[in-house]
Amino acid sequence: LLALIDAQLSTPEGAAEFGIDDLASQLGVEGDSFETVVDRLHDSRSELAFLTVDHLRRMYRPVAMAPTWVASYAPAVFAGPVHYFAARGSHGGEQWTEFVGGRMSVHRLDVEHEDMLGEFGARALGRVIGTDAVGKGVA
């Protein structure tokens, strides 16, 4: 059993580049440089005030590099059953058909990609694969 959570093999059409300002927003502050974000976190006395410029660079790099990594990835064919959980408006499941040797089921969820592992998405995942599979380390 393989569960894919809105996994994409290409960058979605029209996707905006993730910037430092987006990272700042997700951390609850404004800023367009790592230094400014750190200063704003310290000024706000946020529980995230311990973060350093180095921390932010390490958080940012994988997100910024994701489109390059995704474009260069060529998965092997998976022979078992696949459950693809698609976010609202996603067609990512179509990208995986040539890499699935078994049966593939697509489950459409009415949530944005970023919320797939939130409460609604996690409950849908649990209903499909079951708590027994999670307990056995399948998920």
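The legends below describe one predicted model, beginning with the whole chain and continuing with several close-up views. Residues are numbered from 1 along each chain as its sequence is written, and side-chain values use heavy atoms, without hydrogens and water. Local features need pLDDT of at least 70 and side-chain atom pairs count only at pLDDT 80 or more, while totals for chains, interfaces and linings use all residues.

**Figure 1. Overview of the chain and its elements.** The chain has 4 helices and 3 strands, where helices (H or I, at least four residues) and strands (E, at least two) are DSSP runs numbered from the N terminus. Read from the N terminus on, these elements follow the order β-α-α-α-β-β-α. The C-alpha atoms fill a box of roughly 50 × 30 × 25 Å along the principal axes. The radius of gyration of the chain is 18 Å, whereas a compact globule of 139 residues would have one near 14 Å; the radius is taken over C-alpha atoms, and the globule rule is 2.2 Å times the number of residues to the power 0.38. Of the 139 residues, 32% count as buried, a term that means under 20% relative accessible area, with exposed meaning over 50% and partly exposed in between (1.4 Å probe, protein chains only).

Figure 2. A search of the whole structure finds 3 aromatic pairs, and Phe34 and Tyr60 form an edge-to-face pair, with 5.6 Å centre to centre and 70° between the planes. Rings of Phe, Tyr and Trp (its six-membered ring) pair if their centres lie within 6.5 Å, and planes under 30 degrees apart count as stacked, over 60 as edge-to-face and the rest as tilted. This pair links distant parts of the chain, with Phe34 in helix α2 (residues 34-43) and Tyr60 in helix α3 (residues 53-71), 26 residues apart. Both Phe34 and Tyr60 are buried, and together with Phe18 they form one aromatic cluster.

**Figure 3. Close-up of Asp6, a loop residue with a positive phi.** Asp6 is a residue other than glycine, yet its phi is positive, near 50°. Asp6 is placed in the loop between β1 (2-5) and α1 (20-26). With a relative accessibility of 3%, Asp6 counts as buried.

Figure 4. Arg45 is found in the loop that runs between α2 and α3, and although Arg45 is not a glycine, its phi is positive at about 55°. Its relative accessibility is 76%, so Arg45 counts as exposed.

**Figure 5. Close-up of His83 and the residues that it touches.** His83 lies in strand β2, which covers residues 82-86. The relative accessible area of His83 is 16%, and therefore this residue is buried. When residues up to four places away in sequence are not counted, His83 touches Leu1, Leu2, Ala3, Leu4, Ser105, His107, Val128 and Ile129, where contact means heavy atoms within 4.5 Å. Across the chain, residues 24 or more positions apart account for 45% of the contacts with a separation of 6 or more.
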